[in-house]
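Please prepare a short briefing on the structure shown here.

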Amino acid sequence: MTVRENTISIIGAGISGIICALTLAKSNECKKKTIRVYEHKNRVGGRAHAIKVNDHYVDLGAGRFSSGLHHNVKEQVKLLNLAYEKFPFTQLKRPQALHKSLKSILKNLKPLCDEHAHDSFEEFLTIYVGRNQAREMINALGYDSLSLPNITPHIAFDIIEKHPEIQGFSDNAGYEWFNLKEGFSALPERLYEQALAHGVEFYFGHELIEIEADSSTPSLKLLNDNQQEVVIDEGEMILTFPPTAMKKLNCGFPQDWSNYTYGSIPLFKGFLFYDTPWWQEMDLADHVVIANNPIRKLYFKDNRYVFFYTDSDYANFWRDATLKGEAHYLKTVKELMADALKCHVSQLPDPITHTYKHWVHGVEFSQESSPNHPKTLEHKKSHIISTSDAYTPHCGWMEGGIIAGTNAAKTVLERVRQRQVLNQKDYELAHV
Ligand SMILES: Cc1cc2nc3c(=O)[nH]c(=O)nc-3n(C[C@H](O)[C@H](O)[C@H](O)COP(=O)(O)OP(=O)(O)OC[C@H]3O[C@@H](n4cnc5c(N)ncnc54)[C@H](O)[C@@H]3O)c2cc1C
């Protein structure tokens with residue numbers, strides 16, 4: 001395959017890669033250009049990935065958006081005419097003792113954040129409420145990333161205000177959340193269909209394995225599923241995968257691309273399907289329970305299924321549980337679910353089927369978490385573009401993926417326009 005100057009090569013067919021391709025394909029500036037997207041996997045969507053189990057769609061990755069926070073996602077859902085429904089998990093059931101006073105404690109502490117801009121949230125809480133209650137508060141909030149050393153009080157309050165299960169402990173209690181009836185794969189899949197209709201070419205099973213960025217003649221080397229090499233050494237090159245994947249490519253990331261540093265946390269979701277919705281009798285349908293044990297957040301999806309969702313150390317706890325075998329995993333789930341619901345393990349039935357997914361790098365972010373992070377990164381010599389939700393204020397959200405893809409497309413369009421102006425000037429000079 002030959003790649004010409006008029007070709008734009010995008011690596012990654014997650015939401016950001018497809019949005020980037022589609023934005024370029026729809027632009028006047030790129031009408032005569034060939035736009036190619038190369039994707040390692042044999043599907044689009046990246047971390048927005050749903051599967052069908054027991055006749056129900058389940059989101060192994062991204063699972064909800066807020067109409068108040070995620071305007072670009074909302075707009076795409078409307079434009080693509082995707083069926084959505086309320087994601088109801090904004091009401092806690094079986095509250096822990098601390099849940100009753102948590103909102104007022106947090107409200108009193110929030111004005112003190114500025115004085116502790118560089119402390120961790122856990123240190124900040126410890127100063128005011130003591131170590132034990134600080135730990136209890138983080139437990140009661142259900143997101144263990146809140147105890148990471150780089151999570152400052154400002155970031156922590158942002159997390160609390162922008163997650164459906166715990167927004168009720170902030171003044172953001174009113175945000176409405178939604179999920180797609182067919183799961184969030186539907187969003188990148190429809191965008192993919194649109195991109196195809198606009199002439200974008202997709203190459204699945206193509207892994208980028210080498211970047212020659214430190215040169216004025218940059219190139220990308222990919223290996224496809226048939227072990228054939230594809231070399232891209234002309235045209236615009238846009239990498240639309242997150243920082244951990246950049247680091248693996250030995251391309252001087254981040255130091256040759258960015259003044260920022262990047263981190264990630266693991267996530268784990270487990271789904272359980274039963275022959276009867278036993279939780280309805282417990283009045284748990286469409287409610288979430290925050291557990292003071294490794295199950296952390298336990299959701300009861302109307303009469304369809306039960307799932308739990310954990311991050312950081314507890315995501316790895318569950319990965320390790322699965323590695324010890326299915327029987328061990330399911331026994332652990334049942335015991336901890338019973339503990340979370342304060343019932344005896346014999347009261348809970350066994351699931352008829354189940355599925356789970358551990359994401360090694362579920363959420364990626366810039367450690368400095370600055371609003372001034374450049375919209376896209378460019379290698380200092382070769383100007384290969386890197387974009388990711390991790391570079392946006394909406395890191396860890398599809399909203400960030402859409403913004404990242406749009407930002408990369410804008411960078412390319414600006415370059416194309418500048419080149420057109422230069423070509424016009426050259427032409428005029430030659431014809432004086
Ligand atoms: C468990 C979980 C829950 C989440 N929950 C939510 C939620 O509720 N709401 C929400 O809005 N967001 C959520 N997110 C985040 C959301 O999924 C992401 O922010 C978004 O999908 C990022 O899209 P992206 O295109 O930027 O990156 P990605 O989806 O990571 O896409 C990158 C693509 O690049 C490909 N790629 C990587 N390396 C290479 C290579 N070397 N060669 C070729 N291709 C490569 C990958 O295969 C992938 O397809 C969640 C994520 C996870 C994991």
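The briefing below takes helices, strands, the cavity and a pocket in turn.

This is a predicted model: local features need pLDDT of at least 70, side-chain atom pairs count only at pLDDT 80 or more, and totals for chains, interfaces and linings use all residues. Residues are numbered from 1 along each chain as its sequence is written, and side-chain values use heavy atoms, with hydrogens and water left out. Helices (H or I, at least four residues) and strands (E, at least two) are DSSP runs, numbered from the N terminus.

**Helix packing**

- Two packed helices are described by the angle between their axes and the distance between the axes.
- Axes are lines fitted to C-alpha atoms, for helices over the stretch in contact; angles run from 0 to 180 degrees between N-to-C directions.
- Helix α2 (residues 71–79) packs on helix α11 (residues 398–430) at about 85°, and their axes lie 7 Å apart.
- That makes α2 roughly perpendicular to α11. Angles under 35 degrees count as roughly parallel, over 145 as roughly antiparallel, 65 to 115 as roughly perpendicular and the rest as oblique.
- On the α2 side, H71, N72, V73 and Q76 make the contact; they meet M398, E399, I402 and I403 in α11. Contact means heavy atoms within 4.5 Å.
- The residues of this α2–α11 contact are four nonpolar, three polar and one charged. Ala, Val, Leu, Ile, Met, Phe, Trp, Tyr, Cys and Pro count as nonpolar, Asp, Glu, Lys and Arg as charged, and the others, Gly among them, as polar.
- The axes of helix α9 (residues 313–323) and α10 cross at roughly 135° and come within 7 Å.
- That makes α9 oblique to α10.
- F317, W318, A321 and T322 of α9 meet H328, Y329, T332, V333 and L336 of α10.
- The α9–α10 contact has six nonpolar, three polar and no charged residues.

**Strands**

- Two strands pair if DSSP finds at least two bridges between them.
- Three strands form an open sheet in the order β9-β10-β11, with antiparallel pairing.
- β9 (206–212) and β11 (229–232) are the edge strands, each pairing on one side only.
- Neighbouring strands of this sheet are turned by 25° against each other on average, direction ignored.
- β9 and strand β10 (residues 219–224) run antiparallel, joined by six bridges. I211 has L220 in β10 as its bridge partner.
- Strand β3 (residues 50–53) pairs antiparallel with strand β4 (residues 56–59) over four bridges. I51 stands opposite V58 in β4.
- β3 and β4 form a hairpin with two residues between them; in the turn, N54 has a positive phi of about 50°.

**Cavity and pocket**

- On a 1 Å grid over the protein atoms alone, a cavity is a set of points where a 1.4 Å probe fits but cannot get out; a pocket is an open set with protein on both sides within 12 Å along at least five of seven lines; lining residues have an atom within 4 Å of a point.
- The whole structure holds one cavity of 30 Å³ or more. The largest cavity contains about 40 Å³ of space.
- L272, Y274, L330, V333, K334, M337, P349 and P351 line the largest cavity.
- Helix α10 (residues 326–341) gives the most to this lining, with four residues.
- The second largest pocket has a volume of about 260 Å³.
- Its lining has 15 residues; P218, G235, E236, M237 and S382 lie nearest the centre.
- This pocket lining divides into three nonpolar, five polar and seven charged residues.

Terms used. Points joined across faces, edges and corners; volume = space filled by probe spheres on them.
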